[in-house]
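Here are my notes on this one, written for a first read. Keep the 3D view open and click along as you go.

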Amino acid sequence: MSDSQREIERLLFLYAERIDLGDFDGVADLFAQAVLKGPVGDTGVRGRDAVLALYTASTRRYEDGTPRTKHVTSNLIVEVDDGAGRASARSYFTVFQALPDFPLQAIIAGRYHDRFERVGGVWRFSERRMLPELFGETIT
């Protein structure tokens, strides 16, 4: 596996770690130079402030400061064009949640389609399309 592939995998797993910790500032940092999109046709949000506002408004944090979730990223396919400084990845996600009155269960699953660019020798997200496909019970 190339160093570029490892760096891109690290970005994908950092996202899961940061959102599960309730670190929305850290999530916004990952997507500061990217556009986040939903299903096909969604124009998305761009920039750190917009990403932070999106996660703050749409993801509930509990008393411990976290959303009480575990994002599992799997079935990862990374394609790198080192010469052009561009890459893409496709992966599955499954989000589990548990609360004292809500037993551990999958609440959503789907796919991520990501694009990356290398700037100043460092890989970063340039686009994430989130494609939710399966929905379980959630607490509102």
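**Notes on the model**

1. Let's start with F125. Leaving out residues up to four places away in sequence, F125 touches L11, L12, L30, F31, Q33, A34, D114, R115 and F116. Contact here means heavy atoms within 4.5 Å.

2. Some ground rules before going on. This is a predicted model, where local features need pLDDT of at least 70 and side-chain atom pairs count only at pLDDT 80 or more, while totals for chains, interfaces and linings use all residues. Residues are numbered from 1 along each chain as its sequence is written, and side-chain values use heavy atoms, with hydrogens and water left out.

3. Now the core. A nonpolar core is a set of buried Ala, Val, Leu, Ile, Met, Phe, Trp, Tyr and Cys residues joined through side-chain atoms within 4.5 Å. Buried means under 20% relative accessible area, exposed means over 50%, and partly exposed is in between (1.4 Å probe, protein chains only). The largest nonpolar core here has 28 residues, and Y15, F31, Y55, F116 and F125 have the most contacts inside it. At least two residues of this core come from each of α1 (3-20), α2 (24-30), α3 (48-58), β4 (86-99), β5 (102-119) and β6 (122-135). Helix α1 gives the largest share, six residues. The element names follow DSSP runs numbered from the N terminus: helices are H or I with at least four residues, strands are E with at least two.

4. Next, the rings. A pair of aromatic rings is described by the distance of the centres and the angle of the planes. Rings of Phe, Tyr and Trp (its six-membered ring) pair if their centres lie within 6.5 Å; planes under 30 degrees apart are stacked, over 60 edge-to-face, and the rest tilted. How many aromatic pairs does this rule give? The count comes to seven. Take Y15 and F31: their ring centres are 5.8 Å apart and their planes are at 75°, so this pair is edge-to-face. Y15 lies in helix α1 and F31 in the loop between α2 and β1 (35-37), so the pair ties together parts 16 residues apart in sequence. Are these two buried or exposed? Y15 counts as buried at 3% relative accessibility, and F31 counts as buried at 0%.

5. Another pair to look at is F24 with Y55, which is tilted, at 6.2 Å centre to centre and 45° between the planes. F24 sits in helix α2 and Y55 in helix α3, so the pair links distant parts of the chain, 31 residues apart. F24 is buried, with a relative accessible area of 2%, and Y55 is buried too, with 5%. Zoom out a bit and you'll find one aromatic cluster formed by Y15, F24, F31, Y55, F93, Y112, F116 and F125.

6. A charge sits over a ring if NZ of Lys or CZ of Arg is within 6 Å of the ring centre and within 35 degrees of the ring normal. The charged end of R128 sits over the ring of Y15, 4.6 Å from its centre. R128 also lies over the face of Y112, at 3.6 Å from the ring centre.

7. Back to F31 for a moment. Not counting residues up to four places away in sequence, F31 touches Y15, L36, G47, V51, F125 and R128.

8. Which residues lie nearest the centre of the largest pocket? They are S58, T59, H71, I107 and I108, out of 24 lining residues. On a 1 Å grid over the protein atoms alone, a pocket is an open set of points where a 1.4 Å probe fits, with protein on both sides within 12 Å along at least five of seven lines; lining residues have an atom within 4 Å of a point.

9. Finally, check the backbone at R68. R68 has a positive phi of about 60° although it is not a glycine. Most residues other than glycine have a negative phi. R68 lies in the loop between α3 and β3 and counts as partly exposed at 33% relative accessibility.
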